[in-house]
Amino acid sequence: MSASLPGARALPESQFDLSTYWGRVRHTAGITDPRTLLVGKTGLEQAKSLLTKYKQGGIEDMSPELWKAKKIVDSTLHPETGEPVFLPFRMSCFVLSNLVVTVGMLTPGLGNRGTIAWQVANQSLNVAINYSNANKSSPLSWRKIAESYCLAVGASCSVAVGLNSIVPRLKSLSPSTRLILGRLVPFAAVATAGALNVFLMRGEEMRTGIDVFPVLSPATRAALAAEGKSEDAVGSLGKSKRAATLAVAETAASRVFNSSPIMVIPPLLLVRLQRGDWLRKNPRYTTPVNLGLILIVSYAVLPLALAAFPQRQMVRATSLEKEFHDQGGDGGLVAFHRGI
């Protein structure tokens, strides 16, 4: 992200008020904008150069061009390492990367083999996205990654196959109700395994803690700038397990918030449309219609879900371990990056 660029002057966090939900939604809509994927290496370097010039005092005020550069950098670079996130695993590519897998999981009439294959594909993608966007202050070993992946795949496949076998046996329900329940099986599997995947992939953070930093007052930031230093010069106060647990829990919740509408609304709408004359007469359009429904809902809900919690979370130092109680910054607050 832009905070990793050199320069003593701090960039504004956002054009929008991140203390409000709708401010975070508008900010997140920029970070998840798929048009940023079209910016190549040259465009990224130009954006970084422009922001560096601002941070070093070469540009006085933020302008539309600078905000655009910040959006490009924030959507491309990892906030802690400052390195580009592999393109398919960026949040700006989240919808496109998940589209094929989601369509596969929501395909009507999948047998157990098809269900297992698409759940494996989905969890493989989840692992890659979670790893690429996780807090990097507590890196995960490849052994832990493999263990977490196997557990998440096992959980999603067990839920999906188990529910697929149970739903047809519910003879007391009407055929239409069983049809709807059958279409919602992928939702149950994805929601369960999606949250579990986050906890498993980021379990090391909860075991060892993540870095927390003091929240600086305006006077402290001004003093640092006068000395030619940026906020990044202020080191970590240490690692907090409580902060890590909160960060991981919020990330897991936001993933469930994101998957729920995508896995529920399109299949229910498709059931409704399949009962209509047009789709019954033109069954070949079932897949394109399903694809369109998933694409529209995915782009609509992603910013809403990711904005549920701030990316840079601020909490009272007294809510963490005892060693942090006297180390809070402005207003007794500390901050940490929760990951996406």
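Throughout this tour, buried means under 20% relative accessible area, exposed means over 50%, and partly exposed lies in between (1.4 Å probe, protein chains only). The model is predicted, so that local features need pLDDT of at least 70 and side-chain atom pairs count only at pLDDT 80 or more, while totals for chains, interfaces and linings use all residues. Residues are numbered from 1 along each chain as its sequence is written, and side-chain values use heavy atoms, with hydrogens and water left out.

A salt bridge here is a side-chain nitrogen of Lys or Arg within 4 Å of a carboxyl oxygen of Asp or Glu. By this rule there are seven salt bridges.

**First selection: Asp-33 and Arg-35.** Their side chains form a salt bridge, at 2.7 Å from N to O. Asp-33 is buried at 9% relative accessible area, whereas Arg-35 is exposed at 60%.

Lys-71 lies in helix α3 (residues 64-76) and Asp-33 in the loop between α1 (21-31) and α2 (41-55), so the pair ties together parts 38 residues apart in sequence. Helices are DSSP runs (H or I, at least four residues), numbered from the N terminus. Lys-71 is partly exposed, with 27% relative accessibility.

**Then select Asp-277 and Arg-280.** The closest N and O atoms of this salt bridge are 2.9 Å apart. Both residues lie in helix α11 (residues 277-281), three residues apart, and are therefore separated by about one helical turn. Asp-277 is exposed at 51%, and Arg-280 is exposed at 53%.

**Finally, return to Asp-33, Arg-35 and Lys-71.** Salt bridges with shared partners join these residues into one network.

Key:
Helices (H or I, at least four residues) and strands (E, at least two) are DSSP runs, numbered from the N terminus.
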